[in-house]
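Thanks for coming. I have one structure to go through today, and I will keep it short.

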Amino acid sequence: MSPSQNILLLGATGYIGGTVLEKLLQHPLAADFKISTPVRDPVKAEKLKAFGVTPVVADFQYDLDMLKTLAKDADVVFSIADSSNLPAAKAVLAGTKTRFELTGRQTIYIHTSGAGAIADCTVLGMHGNGPTWDDLDEVQMASIGPTQLHRAVDLEIFSADDEGYIKSYIIIPTTIYGVAIGPLVESGIQKPQTTVLPPLIAASLDRGQAGMVGDGKNVWQNVELRDVADLYIVLYDAIITDTMTAHGRSGLYFAENGTHELVQVGEIIARTLFEHGRGKSPKPTSFTTEEGVKYFGPLAPLIGSNAKCSANRARALGWKPTKTTSDFLACVLDVATSYASAGKDV
Ligand SMILES: NC(=O)c1ccc[n+]([C@@H]2O[C@H](COP(=O)([O-])OP(=O)(O)OC[C@H]3O[C@@H](n4cnc5c(N)ncnc54)[C@H](OP(=O)(O)O)[C@@H]3O)[C@@H](O)[C@H]2O)c1
């Protein structure tokens, strides 16, 4: 490991990526980090310079050559932008391959997938049965279907690790909650809010009644934003100190620290809208098929799915998340209250 680390961070302006960037900037080795980050908003790119990172204005939809070039120079990639963008992933991997061919050095590739990869979308909110996925169970993890959400990118990354030019580590977060705070948010660089709760609240406001898929009996898990960001750092520290840290097809790390049924979320939103005169009843009702399509498009079955898992591999590394489901439900109440009381359209 060279004393100076070239880090490529994708997603620095995002909800998760901004919080990970903040933690990297506070890392004990931060003085040795040279962090580059492609950002599509030139104003945010300019502001990022004040944090000692090197922004490059780029959009992954168009600037794949730029991604390749950036990846060619990276010792470490933190990929926290778009879990399903296969062309972008291929471009980054191509850059790491060139680096390996030129230097013989493997890139550390820490990627973000999502629990949609294990979601059973046939459930449609009617029950919470089905498997709990264990990231230490390599046979079970290998059985994730190739058409599952995010899986095409994850499979591409496994192949690159198999070829040997990267060592890959994939974090699989469940529902992330909590408002991002800190200097990147205050500077108008980082998005403070998760992309998960607002669409559900927006749909509920639009129909004047909190909604859920089916009976909302389906089970997901949750994890708080700063706990997730800690996992990236715990994993990075493990990788640089222990060459045996599980990677490739073994290197899958769920992030969860609590379980909830969708109906619990719906009940809080329903009560909150009702109390603010913006909902017809304090009980959530099922979205009709038409409403599911209108509000969530092809993702409606995902909202009614089961995605149960155990973050055993992350905990074995020493990851200690602190927030639990009661914090998640309190966050749902806060977000619902802020939108209902402000009369906001989300
Ligand atoms: N939030 C969750 O609960 C959760 C849970 C599991 C998995 N995930 C996955 O983790 C990933 C990040 O999630 P997030 O919540 O942090 O999302 P986010 O707040 O929307 O952040 C996404 C980041 O990626 C950047 N980005 C996206 N497309 C880009 C493009 N074409 N060119 C350049 N930059 C691009 C965004 O830049 P801009 O600022 O320019 O938009 C932003 O920095 C997503 O793929 C999501 O599916 C999220």
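I will take the ligand site and then the cysteines.

This is a predicted model, so please keep that in mind throughout.

Start with the ligand. There are 24 residues around the ligand, and those that come nearest are Thr13, Tyr15, Arg40, Phe60 and Ser83. Sorted by class, this shell holds eleven polar, nine nonpolar and four charged residues.

From Thr13, a side-chain N or O atom sits 2.5 Å from a ligand oxygen. Ser83 takes part through its backbone, where an N or O atom is 2.8 Å from an oxygen of the ligand. Ala81 also uses a backbone N or O atom, at 3.4 Å from a ligand oxygen.

On to the cysteines. How many disulfides does the model have? The count is zero, with a cut-off of 2.5 Å between the sulfur atoms.

Take Cys121. Is Cys121 buried, exposed or partly exposed? Cys121 is partly exposed, at 33% relative accessible area.

For Cys331, the nearest cysteine sulfur is again that of Cys309, here 18 Å away, and Cys331 is in no disulfide either. Cys331 is buried, because its relative accessible area is 9% and the limit for buried is under 20%.

That is the end of my part.

Terms used
Residues are numbered from 1 along each chain as its sequence is written. This is a predicted model: local features need pLDDT of at least 70, side-chain atom pairs count only at pLDDT 80 or more; totals for chains, interfaces and linings use all residues. Side-chain values use heavy atoms; hydrogens and water are left out. A residue is near a molecule or strand if one of its heavy atoms lies within 4 Å of it. A polar contact is a pair of N or O atoms within 3.5 Å; within protein, one must be able to donate a hydrogen and the other to accept it, and residues adjacent in sequence count only if both atoms are side-chain atoms. Ala, Val, Leu, Ile, Met, Phe, Trp, Tyr, Cys and Pro count as nonpolar, Asp, Glu, Lys and Arg as charged, and the others, Gly among them, as polar. Buried means under 20% relative accessible area, exposed over 50%, partly exposed in between (1.4 Å probe, protein chains only).
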